[in-house]
Amino acid sequence: MWSNLPFDVLAEIYSVLAPDSFACAKSACRKWHESAKYLTPTDARHKNPPWFIALPSRDRGLFCYAYKPIDKIWDMLPLDFIPKQFLPISAIDGLILLRLTSSTSLKLAICNPFTRQFKVLRGLNVTRTHPAVGVELKSKSDFKIHVAGGMSDGPRGGASYEPTVEMYDSICDKWEIIGSVPIEFAVRLTVWTPNESVCSNGVLYWMTSARAYSVMGFEMGTNYWKELSVPMADRLEFAALVPRNGKLTLIGGKCGGNACIWELGDADRWFMIEMVEFYLGMRFLGGKGCWSSTKCVGSNGNDSLERNSREEGQMGMVLD
């Protein structure tokens, strides 16, 4: 009887399941496994709060931690199905985007930590090293990966900055060169941009890692590149971009314990929406007033700061 449930009933069941329960349901029988590929409703993510996945930063090992918001507990998920030479660089809804570390040129893969599925993506049209990588997400099965800049082989030998943008379409399962990158942007994307990116209102954003900080933006609909200034750019010791309530948000800290939160408004202008209290900042920093070892993660309104210290271990702060 259970294996013959109508598709609409299965869809409703899948829509209320947490990720771990959904993975178990898929393994119940062949029909449930196959139907899960097509029947998961697009609004399923709104019926359950998102999980937080944390991976060790220094020694990835063969595991990750998953926080279950309903039960308010952490679970450890083994990742022994992933080859050791792959490291995570971004999240794609419930999937993890990984890159191959044993190769100088960019090679990507995706995995599902709950269903233990792993897939190496097709090679890029242009072989490149150290490009910027960004993700545009519509659903777990419909996403696009953008790769911009990087170093490639020059026409006369040697290496040169690559002035093109490639896009991977998960529906078509192929890469396509979709536009160009101004050479000055290609240099900064290659040298000063980490892998973290934020997609907001049709624009992919990257934060440069060099002081003074700045933000590089790529409008995906028009293939237009732009650069945004950062508030207090020359005074910030750390700066990070996160999505927050549908808007691009900048979180930065300066020497002395102060940290601020800005939101990008009309005409690409930043507006300060919150400031971390001085005593909370100093407590988080262990009284040292230095933000240089701080990292930030965020997911639509739930933002957290993390700091590693040899003396105190790992410290955290939640920004509501």
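So, Leu-241. Which residues is Leu-241 in contact with, once you leave aside its neighbours within four places in sequence? In this predicted model, the list runs Val-198, Tyr-205, Trp-206, Met-207, Val-215, Leu-248, Thr-249, Leu-250 and Trp-270.

Some of those names come back when you look at the largest nonpolar core, which has 19 residues. Leu-241 is among the residues with the most contacts inside that core, along with Tyr-205, Met-207, Val-215, Val-230, Leu-250 and Trp-270. And where does the core come from? The elements giving two or more residues to it are strands E15, E18, E19 and E20.

Okay, on to the rings. There are six aromatic pairs in the structure. Take Tyr-168 and Trp-175: the ring centres sit 5.4 Å apart with the planes at 50 degrees, so we call that pair tilted. Both Tyr-168 and Trp-175 are buried.

Now a second pair, Phe-218 and Trp-225. Here the centres are 4.7 Å apart and the planes at 35 degrees, so this pair is tilted as well. Buried or exposed? Phe-218 has 1% relative accessibility, so it counts as buried. Trp-225 comes in at 7%, and with the cut-off for buried being under 20%, Trp-225 counts as buried too.

One last thing on that pair: Phe-218 and Trp-225 belong to one aromatic cluster with Phe-185 and Trp-206.

Key
Residues are numbered from 1 along each chain as its sequence is written. This is a predicted model: local features need pLDDT of at least 70, side-chain atom pairs count only at pLDDT 80 or more; totals for chains, interfaces and linings use all residues. Side-chain values use heavy atoms; hydrogens and water are left out. A nonpolar core is a set of buried Ala, Val, Leu, Ile, Met, Phe, Trp, Tyr and Cys residues joined through side-chain atoms within 4.5 Å. Buried means under 20% relative accessible area, exposed over 50%, partly exposed in between (1.4 Å probe, protein chains only). Helices (H or I, at least four residues) and strands (E, at least two) are DSSP runs, numbered from the N terminus. Contact means heavy atoms within 4.5 Å. Rings of Phe, Tyr and Trp (its six-membered ring) pair if their centres lie within 6.5 Å; planes under 30 degrees apart count as stacked, over 60 as edge-to-face and the rest as tilted.
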